[in-house]
Amino acid sequence: MKNYYITTAIAYTSGKPHIGNIYEIILSDSIARFKRYQGYNVIFQTGTDEHGQKIEEKATNKGQTPKQFVDEVASVIKGLWDKANISYDKFIRTTDDYHEKQVQKIFKKLFKQGDIYKGHYEGWYCTPCESFWTESQLVDGKCPDCGREVKKAKEEAYFFKMSKYADKLVEYYNSHPDFILPISRKNEMLNNFINKGLQDLCVSRTSFKWGITVDFDSKHVVYVWLDALTNYITGLGYDESANSDEKFKNFWPAVLHVIGKDIVRFHVIYWPIFLMALNLPLPKQVYGHGWLLQDGEKMSKSKGNVLYFDDLANVFGADAVRYYVLNEMGFEDDGLVGWELMTEKINSDLANIYGNLVSRTIAMTNKYFGGKVENKNKVEDVDNSLKEVVVNAYDKVAKKFDELKISDALSEVFAIFKRANKYIDETCPWVLAKDENNADRLQTVLYNLCEAITIGTSLLNVFMPSTTLKVLKMFNVDLRPSTNIKNFGETKQFSVVSNAEVLFPRLDVKEVLKTADEIKQKQIAEFLKENKQEVKTEVTNKKEEPVKKDIIDFETFSKVELKVGTIINSEAVEGSVKLLKNTVKIGEETRTIVSGIAKTYKPADIIGKQVVVVTNLAPRKLKGILSEGMILCAFDEETEDLSLISPIAKFKDGCEVS
RNA sequence: GGCGGCGUAGCUUAGUUGGUUAUAGCGUGCGGUUCAUACCCGCAAGGUCGUAGGUUCGAAUCCCACCGCCGCUACCA
């Protein structure tokens, strides 16, 4: 029997996951179930990523230890996974002791063999937040989290030599064209990272404590990706000193890592390189799926539009929600979720097509034959076109699974039910029932329907595990295994329940929206409670309006030093389209200021012009040139028109603007 | 700004070695049916295939330009 190891990304325990997060788990679950159905020996692993500064902070705010905090969240997550009927074989937590131990060993090994070295992390440091930011992360040259001043700082840190393995990585990409799916992601990685030269990755932190300690240098904590990514091997019982479990030996490398498109980079660059350094085989495939968007926008608590699996499942049922997300998300694109969309889709596919088919078939079997039918072999031409669809379904579904086109696989299954509904119309059982002479033909027709439903439902099981078992029970048959899923006529006799339970009741959109609104109000209320008076405006403004900046007092404003200056020289910055390097005379001093105005102004246009300069702005390097200040401009967001701001009258350089 | 992708019916979307009348689902309209969860089946309407050029006997498909949207990334102070 062949082994198949599939993983999801591990969920970050900073809060309750929303429907978009759990989509990935449902997707992986249906793949894992299908592989088991095909006879593979499957290990399906999921779990939680529990370290990091953010969690440390959240715990502190709640007056808990980080461990208490993650224990709570992890159990919420596990509960959700269970509610969604996720058939994981292994649920790993990065706080599990065997994981922590191996991460420490791995870190030490990589350090000893020289892949990890000690250096300095240079960046902009925000003291109150205790965090480092890169130049590009800064907002207005300030801390993106709290908006306060940052200063250049150095922190001792460990780095991983990425570039050492770049060639080998590219080689692997080339020899495994399906390694990264969808293919567009691969090009992004090559163009943006690998071809431009890989930067060494910082793999330790000293700015917070909640993580796995570097055991030979306890000031340091292993940085998140080295910690989190290794879960894929530690979960199988990997041991750095060659005492790995049998499970690891049999199941590594993973056949498939299912992840969100936002973390592709970590899985197709850093993770393979870590594995190379450990001298382990690389995973066969990494699939970066799209996102579920709430009516086209990202979910946000402050808008009250975050959809949670349990809320949805309470309205539609867990299987119906699974059906919706699996059907909605394509292979490459993002998908849409929303209460109205879900109601419509579930009504049309599950209630009308599938549920109603089961219902009418059972009703007729009871009405005409007291609930028992067998194959009387009174065959007509129409039967064959029904059978053809049913018998071919399995191969089609399997092919779609191989291509990871899961929503297409689902459509192939539904083709059976659609064909069966048509078959009823073609055969008109209620007409046959009027003539005793047609009894055998009528029974054959109903038998064919029961058999088609049995096969279709067996295939549907990997998508909707619980409802499908209910249906099979209603027909008093077992799930048809893959070994004879193509044998139409396998069942000798059907003996159906006398009263078919309604599997998927039709839902009224208005009723659903009423419930949705209640949930939304509750969510907003909770959000406001958590965040007190903050961001109230965000809640009421549904449409994106230009962000109004906060009112500042005079004192804050007067911190900004503005002066009149004259541009005495200006030249284009080599290799840049937008930037001009200007020399500005401000009173006695002259400064170099780089500005993004080259689209509007040529150097000759502005030499000699007077401008207003922010003179106490932290210097910043742009395209390698140190820019000491900022020249004020008016800017039209829509037209991208731009104009320098000058004093109306010729003025003395160096004068203050206030 | 760089690299990549996309733009097809009201909505979601199929469609490359260029080749009769350009898919399919939802929604809409009409008809049929009554076993069924007012469901199912059939038919129809609806498209200048983003815009404007070019190559060709022939372009949704290939080429060029432009407009719009998206992804990654960057020097957007």
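1. The structure is a predicted model. Local features are described where pLDDT is at least 70.

2. Helices α2 and α3. Helix α2 covers residues 53–61 and helix α3 covers residues 66–83. Their axes lie 8 Å apart, at an angle of about 100°. Angles of 65 to 115 degrees count as roughly perpendicular, and α2 and α3 are therefore roughly perpendicular to each other. On the α2 side the contact is made by I55, E56, K58 and A59; α3 contributes P66, Q68, F69 and V70. Sorted by class, this contact has 5 nonpolar, 1 polar and 2 charged residues.

3. Helices α17 and α18. The second pair joins helix α17 (residues 439–460) with helix α18 (residues 465–474). Their axes cross at roughly 160° and come within 9 Å. Because angles over 145 degrees count as roughly antiparallel, α17 and α18 are described as roughly antiparallel to each other. The crossing of α17 and α18 is left-handed. T454, T457 and L460 of α17 meet T468, V471 and L472 of α18. By class, the contact of α17 with α18 has 3 nonpolar and 3 polar residues, with no charged residues.

4. The largest nonpolar core. This core has 146 residues, and I6 and I416 touch the most other members. Helix α17 gives the most to the core, with 11 residues. What does I416 contact, leaving aside its neighbours within four places in sequence? The partners of I416 are V389, V390, A393, A452, I455 and G456. As background, nonpolar side chains tend to be buried together in soluble globular proteins.

5. The second core. A separate core of 13 residues is also present. Among its members are I567, L579, V584 and I631.

6. Residue D89. Where does D89 sit? D89 is in the loop between α3 and β4, the latter covering 90–93. D89 has 15 C-beta neighbours inside 10 Å. A residue is buried at 20 or more such neighbours and exposed at 12 or fewer, so D89 counts as partly exposed. Not counting residues up to four places away in sequence, D89 touches I43, F44 and Q45. The C-alpha atoms of D89 and V42 are separated by 8.3 Å, although these two residues are 47 residues apart along the chain.

Notes. Residues numbered from 1 in each chain as written. Chains lettered and ligands numbered in written order. Predicted model: local features only at pLDDT ≥ 70, side-chain atom pairs only at ≥ 80, totals over all residues. Axes fitted to C-alpha atoms, helices over the stretch in contact; angles between N-to-C directions. Helix = DSSP H or I, 4+ residues; strand = E, 2+ residues; numbered from the N terminus. Parallel < 35°, antiparallel > 145°, perpendicular 65-115°, else oblique. Contact = placed C-beta atoms within 7 Å. Nonpolar A, V, L, I, M, F, W, Y, C, P; charged D, E, K, R; others polar. Left-handed = near helix turned anticlockwise from the far one by under 90°. Core = buried A, V, L, I, M, F, W, Y, C linked by C-beta atoms within 7 Å.
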